Amino acid sequence: MAGKTIERYLARQIYAATAFVLAGFLALFAFFDLVNELGDLGVGNYNLREILTFVALSVPAHAYELFPVVVLIGTLYVLAYLASNSEYTVMRAAGFSPANAGRTLIKIGLLFVVTTFVLGEWVAPVAEQAAQTLKMRSKSSFIGQELKSGLWFKDERSFINVREARQDNVLTGVRIYEFDKDSKLSLARAAERGEYRGNGMWRLFGVAQTRLTPEGPRVEKLAELDWRSALTPDLLNVLIVAPERMSAWRLYKYTEHLAGNRQKTERYEIAMWKKLVYPIATLVMMALALPFAYMHARAGLVGVKVFLGIMLGIVFHMLNSLFSHIGLLQNWPPFTSAVLPSVAFFGAAVLMMWWVERR
């Protein structure tokens, strides 16, 4: 009975502290986003209403990225506060051993794992895509204006250039270069506009194409032409969201597309594994906070311990990005690049727990 009471008490305290820390961080990041976006105020139709909507739609992505850090700070604050008031000492006297504490934190942390996964797999990607779409449409540059030659794709033996796509099912300024099995250019096609008709089929309008034959080039002009391609609205949507903010499922599908065209997939594979591993990082952060409950109150004030938690959270966030880049440069297995930060911090938590237990 005492164990259940302690578990419910810790759960209430940790959930409340984590929610408070998360709200504070999100308010801070929203302010930074607002200041940053105000620099584009008045560009096209990007007015204050669109800016505020963009900032609001960016909140879920920030919440996902910050969740392990805020869980660490919230859990550490609660445990350090209980230790400073000798409440944790009373819990230990009531039979609340380190093993019991670890099991309790795992039970409490399962909600954080599920929340992080839901944010990363559904809420944040949808909101981020909506935010980027709103911004680019409002600035009259849904895709391509910021790139000198637009977007480039590879589809089997074809290279496709799209100058602009204001909607994901309408392309403007399409150029297609097809090569034969000997890697020689066999067809160059340009179209004023393309509309997606479903099942991988596009209808091109205002087409001018040059077919290179042994007898010489043959030029044709067509009002309309059906064109089948692996390029779909879903792939266009993928390209306006950073890999780190895409869902694991979409990353998997896009990796398959790249692999099928013999293109590099490492960046997207690392992002996919990070998506799958990241929710578990919340449990690692809670394990890292546990040793602070066993440090005597005179070893440091609650504020100092919370500051250390913030520093550890920042280090984890930096390492999570750093190992992704190192993994790409050093050709590490994608899973290794994604899991190393969490493994390192879990190892640090075990060492810290061993150290405080020996004291």
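**Exercise 1. The cavity**

Which residues line the largest cavity? Work out its volume and the make-up of its lining as well.

*Solution.* Start with the ground rules. This is a predicted model, in which local features need pLDDT of at least 70, side-chain atom pairs count only at pLDDT 80 or more, and totals for chains, interfaces and linings use all residues. Residues are numbered from 1 along each chain as its sequence is written, and side-chain values use heavy atoms, with hydrogens and water left out.

Step 1: Rolling a probe the size of a water molecule over the atoms shows where empty space is left. On a 1 Å grid over the protein atoms alone, a cavity is a set of points where a 1.4 Å probe fits but cannot get out; a pocket is an open set with protein on both sides within 12 Å along at least five of seven lines; lining residues have an atom within 4 Å of a point. Grid points are joined across faces, edges and corners, and a volume is the space filled by probe spheres set on the points.

Step 2: count and size. There is one cavity of 30 Å³ or more. The volume of the largest cavity is about 30 Å³.

Step 3: list the lining. F153, K154, D155, A230, L231 and H257 line the largest cavity. Strand 1 (residues 151–155) gives the most, with three residues. Helices (H or I, at least four residues) and strands (E, at least two) are DSSP runs, numbered from the N terminus.

Step 4: sort by class. Ala, Val, Leu, Ile, Met, Phe, Trp, Tyr, Cys and Pro count as nonpolar, Asp, Glu, Lys and Arg as charged, and the others, Gly among them, as polar. The cavity lining then divides into three nonpolar, one polar and two charged residues.

**Exercise 2. The salt bridges**

*Solution.* Step 1: apply the cut-off. A salt bridge is a side-chain nitrogen of Lys or Arg within 4 Å of a carboxyl oxygen of Asp or Glu. The whole structure has nine.

Step 1: take E7 and K107. E7 is in helix 1 and K107 in helix 4, so the pair links distant parts of the chain, 100 residues apart. K107 is partly exposed at 46% relative accessibility. Here buried means under 20% relative accessible area, exposed over 50%, partly exposed in between (1.4 Å probe, protein chains only).

Step 2: take E178 and R189. Their closest N and O atoms are 3.8 Å apart. E178 lies in strand 3 (residues 170–179) and R189 in strand 4 (residues 185–198), so the bridge ties together parts eleven residues apart in sequence. E178 is partly exposed at 24%, whereas R189 is buried at 10%.

Step 3: take R203 and D226. The N to O distance is 2.4 Å. This pair links strand 5 (residues 201–213) to strand 6 (residues 216–228), 23 residues apart. R203 is partly exposed at 21%, and D226 is also partly exposed, at 44%.

Step 4: look for a network. R193, E195 and R197 are linked in one.

**Exercise 3. The nonpolar patch**

*Solution.* Step 1: define it. Patches are made of residues with over 30% relative accessible area and no salt bridge: like charges are joined within 9 Å, nonpolar side chains (Val, Leu, Ile, Met, Phe, Trp, Tyr) within 5 Å.

Step 1: list the members. V114, F117, V118, W122, V123 and L276 form the patch, with about 510 Å² of accessible area together.

Step 2: assign the helix. Helix 4 (residues 98–138) gives the most, five residues.

Step 3: check one member. V123 sits in helix 4 and is partly exposed at 36%.

Notes:
Accessible areas come from the Shrake-Rupley method with a 1.4 Å probe; for residues, only the protein chains shown count as cover.
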